[in-house]
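Please walk through the pockets of the protein shown here.

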Amino acid sequence: MSRTPTSGIDYTSRDYEGFRQMMLAELGIKMPEYTDHSQTDAGIVILELTAKGLDILSYYADIIANETLLPTCKRRDSANTWCTILSYVPRNATPSRIMQVFVLTGAKNEKTVIPAGTYVKTKQTSTEAEIVFETEEDLVIPAGKLGNETDANGNYLYTVSAVQGTRVEGELVGSSSGVANQKFVLTYSPVIVESVEVLINEGAGFEPWSRVDNFVDSGPESKHFVLTVTNNDEAVIQFGDGVLGKIPTKFEQGIFANYRVGGGTQGNVGANKVIVMETNLAAVDSTFNPESVYEKGKDKESIDEIKVNAPRYSGLKWGALTLQDFADVVLLNFNEVIFANSERDTEDIDSIHIYMLTDEGAVVNETLMAELTEFFDENGEGRKIVGANKVYLEPAVLVPQDLEANLIVKDRYSRSKVQEQITALIEDFFALGNYPFNQELSLSELAANVMNPENAISGIKSFYFTSPAEPVLTPTASQIFTLGNLTIHASG
């Protein structure tokens with residue numbers, strides 16, 4: 001005889017106390033004579049231990065359930081699984097590049113060659129780790145020159161490009177076992193994904209295999225591999241299953257890799273920071289980078305960014321359809337753009353204005369503008385963008401807001417210190433890259449945020465804005481609010 005189904009279960013009771021109370025209530029129904037609910041009673045001890053066990057199981061069940069959904073996952077491998085499903089490739093860390101000058105110990109009678117692969121680095125301090133760069137090509141300093149000569153405009157005549165990071169060559173990755181979906185972890189991290197070269201020996205010598213985003217277009221004999229980055233920046237190489245992507249033939253110690261380690265915003269150094277020789281060259285007296293990086297390094301895409309960009313990419317596979325799609329297309333394809341917003345032209349409804357805030361601020365440099373223009377050109381990549389007559393590309397309009405506020409400080413607190421903390425919080429709120437398009441400025445909400453205990457500003461008795469008079473300020477489609485003059489009248 002089958003058991004009668006249980007009904008009336010409250011599935012929101014998922015913690016210790018909820019389970020305990022639910023079991024006590026059921027105990028009262030099943031055994032009304034059981035009235036001793038003291039903590040020393042053996043039955044209650046068993047009941048409470050069961051509640052504790054259920055609480056732990058509920059905790060793990062929630063974690064597992066959260067990892068199965070992109071909006072709630074916290075692990076990068078879970079996010080990567082969703083990226084595979086949505087055919088989205090997360091942005092990986094990229095290295096920065098500088099122009100480097102080498103100064104010789106003295107002028108030579110013949111040309112001096114600074115070989116490609118020369119390492120230079122920043123000076124290590126107690127608070128900053130050294131950042132290593134490697135020259136990308138030979139630098140030739142002519143006979144009779146020191147290497148630090150400049151033209152009439154002060155530009156150095158003999159410079160060479162150097163890329164952030166160090167090389168790892170000939171690393172033995174492992175041996176193929178001949179099974180499907182083999183995975184291998186590279187030894188060093190963080191890996192610059194674009195630099196990875198995989199060489200495989202299947203018995204006839206080493207041959208390079210190609211990196212692909214996924215195996216969707218790979219056949220049984222396609223010599224492809226996929227590379228993913230884990231939570232702790234480990235780079236994992238994966239091969240195919242024999243149907244989608246070739247399985248490397250079983251061969252002892254037949255998989256090697258070359259790659260670079262580095263990348264990210266840590267390499268975005270200022271001028272005259274790369275001044276230490278890592279590679280010893282007898283002819284070189286000193287070295288320096290006369291300017292800051294000419295190509296900025298990027299950090300890998302965060303999980304929070306993936307949660308936004310992966311679904312956005314999925315919706316844009318076949319072009320931009322809605323007005324917001326046009327801004328999203330820019331955000332997905334141009335890493336230099338932090339925020340983008342779009343609106344229809346007031347006179348030509350089929351034309352679109354796209355406003356952008358870049359990592360340089362409210363500026364779209366010539367190189368980026370040329371790339372954007374080509375992207376939206378009807379004869380280029382932009383022909384996939386439908387629904388627009390003409391696309392106007394414009395920088396954001398930064399609108400400074402002058403704010404005035406009254407602050408009353410509690411007794412025994414320093415007014416200047418409290419005021420300094422509030423100023424820092426408001427400046428961060430309006431910092432470039434924090435304040436987006438389409439965000440109204442509610443002064444009451446900003447004041448409430450200042451007083452929020454989570455911000456750990458102690459000593460505020462009262463804080464409110466007195467100017468501007470409007471309680472809510474609304475930007476236009478092209479505008480982003482920034483902080484102008486901030487005046488805080490402190491008392492107490």
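This is a predicted model: local features need pLDDT of at least 70, side-chain atom pairs count only at pLDDT 80 or more; totals for chains, interfaces and linings use all residues.

Residues are numbered from 1 along each chain as its sequence is written, and side-chain values use heavy atoms, with hydrogens and water left out.

The largest pocket has a volume of about 1,200 Å³. A pocket is an open set of points on a 1 Å grid over the protein atoms alone, where a 1.4 Å probe fits, with protein on both sides within 12 Å along at least five of seven lines; lining residues have an atom within 4 Å of a point. Volume is the space filled by probe spheres set on the points. Of the 46 lining residues, Arg 91, Asn 309, Leu 331, Leu 332 and Asn 335 lie nearest the centre of the largest pocket. Its lining divides into 18 nonpolar, 13 polar and 15 charged residues.

The second largest pocket holds about 660 Å³ of space. Among its 26 lining residues, Asn 80, Thr 84, Asp 213, Val 226 and Thr 228 are the closest to its centre. Helix H3 (76–85) gives the largest share of this lining, six residues. Helices are DSSP runs of H or I with at least four residues, numbered from the N terminus.

Which residues of H3 are buried? They are Arg 76, Ser 78, Ala 79, Asn 80 and Cys 83, where buried means under 20% relative accessible area (1.4 Å probe, protein chains only). After H3 comes Ser 87, with a positive phi near 60°.

Methods:
Ala, Val, Leu, Ile, Met, Phe, Trp, Tyr, Cys and Pro count as nonpolar, Asp, Glu, Lys and Arg as charged, and the others, Gly among them, as polar. Helices (H or I, at least four residues) and strands (E, at least two) are DSSP runs, numbered from the N terminus. Buried means under 20% relative accessible area, exposed over 50%, partly exposed in between (1.4 Å probe, protein chains only).
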